[in-house]
Each structure stands twice: as structure tokens, then as C-alpha cells.
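Could you walk me through this model in the viewer? I would like to know what to select next and what I will find there.

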Amino acid sequence: MAAVTVCSDFGAKENKRLLSHIVSTSRFDIKEVGLFNQVLGYAPTDYYPGLLKNMVLSLVSELRENHLNGFSSQRRMSPERVRSLSRICVPLLTLPDFEPLVEALLTYHGHEPQEVLCPEFFDAVNEAFLLKKISLPTSAILCLWLRHLPSLENTMLHLLEKLISSERNSLRRIKCFMKDSLLPEAAACHPAIFRVVDEIFRSALLETDGAPEVLAGLQVFTRCFVEALEKENKQLKFALKTYFPYASPALVMVLLQHPKDIPQGLWHQSLKHISEMLKEIVEDHGSYGGPFESWFLFVHFGGWADITAEQLLMSEAEAEPPEALLWLLAFSCSPGAGHQQRARTMVEVKTVLGCLTKLFRSPALSARDLQAAAGENLGGDPRPPACQQLVRRLLLHFLLWAPGGHTIAREVITLMAQTDAIMNEIIGFLDYTLYRWDHLCVEAHRSRKLARELLTELREQALPGQVNQ
């Protein structure tokens, strides 16, 4: 019984302390409140919790009334009082009873030319959100990031740390990171947030030399963003130009089309159109930025590059590979290469494709056949790293799609994965391929089964004793 009394006394003191904090910015006096309730015969343990909740609701109502009535309200809350209230909320904002007040402050817009809420309040709310210590609606988080740029930047840095902390994050896990962050949804709601997020991804790719984890994060973010944009902008609240102000509007419109919404018979036409527009910008010095900016826009929608490889690989053996698709593949793997280097890559890829398409229908294949097709035993100058990576991706596509490739897949991958970096590259390729096929609703059961088995086996080799992502 004594313990219960002590707990009750502690709760009453804590509630009184919280009330004192709030009352300091309100029109009430804590002593007057106490005397009034004593006359009514209430003990502190009876009235403090209810009074705390009612006072929070009263302040929320006052903020909303202040926001609606603006200058015409005689009871208008002064900017100093709003600022003081935001400062007092800093140590209290993770308490459930205070969440309505935190939301009301974030969504409050006065008529002052400068921000009335204190920076410490924004920092504390964003930290609590990142640590999942507070639950706020998306509209309140959107207001937070629009009103306080450092909070948005810290959220992006927090996300990038998650992406880079593990080289073997599955794309499904990355998608969970994205959904939890609310960044795609907020970016769809307002172009200003999208452009900040996009610029941070751009800087991260430059600083990490195109790290696969960052690239995967950008592509998953873009997929989630487009889904949210389609849901949010049914009436086109913002024009696409406001999201991609420096890109070709025609190119953006083509890239935004999801391949699954286009008949497969027309994919080749779409790829040719994308290639022609990019080539005009990159090699004919168009007005929409240089090679990196064009590549950065293209890799947002990375699925098109893999569709290009699949289309080339499964074309008729006698058919000449279209130059437009060869150019697109060469550009996607090495945007910084000059015209001559890109032309050399196109020749290399064309040669490899010629060998692979002849082998595609072959019922009996060996790992040596694939090695010979890849040209690994030929003399001459070694291929640039980007070109080597592109050839590896073509071989992996071949193993998944060619009927005879399934029986030699493990042997070929063992020969390919000579370093940890290449092993991670192959794991990433398989993971992204399965993720892409899910979105495209590809019904290649044998290829899917092989890709899943290989992914599981390679992850077990790379992370012995750990559960797969």
C-alpha cells in the first residue's frame, strides 16, 4: 500500500511539473488551478492528469483558431508565446498526451515573415521521428521538412547510413526503409522535398563513385515516389516540370511510363526512343545538361537498362543488334566515357552478343562455351572495368534465360566470382532482377526458380551462418 502511495505521489508531482511547464505559456496560474480544485475537494492525483490533457487540447484549439482567424482574432496568440510554447515542448514531445500539441505546432502557420518555432523544437521532433519515439501524420512530417531544411537533410543522411551500412541489403528491405522514412510520399506531395532528396542522392553517387547500395536506394526511392505520385497527383497538383526542372520533359514522360503498362511488343520502340533522346543530349550537346546529368536521370528508372540487355540477348541470331540499343547499354554502364570509348564498348558488346545469341538455343552448353563467347581468352588490350561489368551482366542474363544456361549456371558463376566485389555484384544483380520481375509480373517460372536458388546459395556463401535478408 505504501508503494502505491509513493507511486501516486510521484505521478502527481510529475503531472504538476508538466502542467507548470505549459501554464507558463498560457493564461492560467497553477496556484489558482490548485486552489479551485481544493475547494471542489479533488486530490492532485485526481485532477492533474485530466487537467494536463484538457490544457493540451485547449492549446491545440487556440493554435488552430489562431491559424484560421489570423489578424481578425482578438485572442490571437503572439509569436513570442508560440515560440515559447515550442521551446517548452522540446523535453515533453515524446509523451503521448503531447502529440496533438506537437502536430498543431508543426501545422501552425502564422502571418510573420520569419519562422516562429524554435530550431530546437524541429531538431527534437525529427530525432524522435527517426528513433520512432513519436507518431505523427504524414502531413505534420511534411510541414516539418518544408519548414526546417536541416531536418530533411538529417533524415536523408540517416537513410543513406542504413543503405551503406550493409552491402547486402535486399531490395525488399530497402523498400521497407523507404516506406518507413516517408520520404517518397512527402516528395510526391511537394516538389521542393523531392528536389532536395534527389540532390542528396546525386551527391552521394558522385562521392561514392556510383556505389551499388546508393544506386539501388535511388531506384527503389524512385519506384516508391512514382507510385505515391500517381496516387497523390490524380489531378496534377504540381506539373512534372517542377520535379525535374532541368530535364527534357519528353524524356521524363517516356521514362516515367512503367514497362508493364506498355505491350512487350512495343518495348523495343520505347527503348529506341529513349536512346535517341539521350544520345541527342549527350553527343549533340543538347540543352539539358551533360552526360552525368542525363545518366543520373536515366538510372532513376534502372529497369530500362536491363530490359535493353534482355531484348538484345533474345533477338534472332541472324538479326543485327540495333545501334540505338547498343548505344543505350554502353552509355548506361559508362556515362563518363567519350565518344571513341563508347564506340569501342559497343563493338565489344556487339561481338559478345553475336556469340551468345548463337548459343541461346543450343541444347548442350559448357562453361568453356560461355568463356569463349565472353572473349576472356582472346588477346588484345584488357577491357575497361565498366565494359567488363556489362559483359558479366549479359552472361548472367543469358544464364537465366537460355534453356541450356540453367545447367551450367553455378559453374559459370563460380568462375566469374573471383573477388568479393564481383560476388556482391552478382548477388545485387539477382536480387534486382527478381525485384524487377515482380513489378513487371514476369511469368518465367524456371528462370525465377533458378534466380532465387542462386541468390540464396550465394548469400549463404557470402554470409556463412547468417539468416538471409
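Start by selecting Asp-209, which is exposed at a relative accessible area of 72%. This model is predicted, so keep that in mind as you click along. To place Asp-209, display the loop that runs between helix 11 (191-207) and helix 12 (212-232). Now check the backbone: phi at Asp-209 is positive, about 55°, although the residue is not a glycine.

Next, select Leu-182. Here too phi is positive for a residue that is not a glycine, with a value of about 65°. You will find Leu-182 in the loop that links helix 9 (171-181) and helix 10 (183-189). Is Leu-182 buried or exposed? Its relative accessibility is 15%, and because buried means under 20%, Leu-182 counts as buried. Asp-209, at 72%, is on the exposed side of the scale, where the cut-off is over 50%.

Now zoom out and colour by secondary structure. The protein has 24 helices and zero strands. Switch to colouring by burial: 49% of the 469 residues count as buried.

For a surface view, the protein exposes about 23,500 Å², and carbon and sulfur atoms supply 55% of that area.

Taking contacts between residues at least 6 apart in sequence, 72% join residues that are at least 24 apart.

Terms used: Residues numbered from 1 in each chain as written. Predicted model: local features only at pLDDT ≥ 70, side-chain atom pairs only at ≥ 80, totals over all residues. Heavy atoms only, no water. Helix = DSSP H or I, 4+ residues; strand = E, 2+ residues; numbered from the N terminus. Buried < 20%, exposed > 50% of the residue type's maximum accessible area, 1.4 Å probe, protein only. Contact = heavy atoms within 4.5 Å. Areas by Shrake-Rupley, 256 points an atom, 1.4 Å probe, with all protein chains shown as cover.
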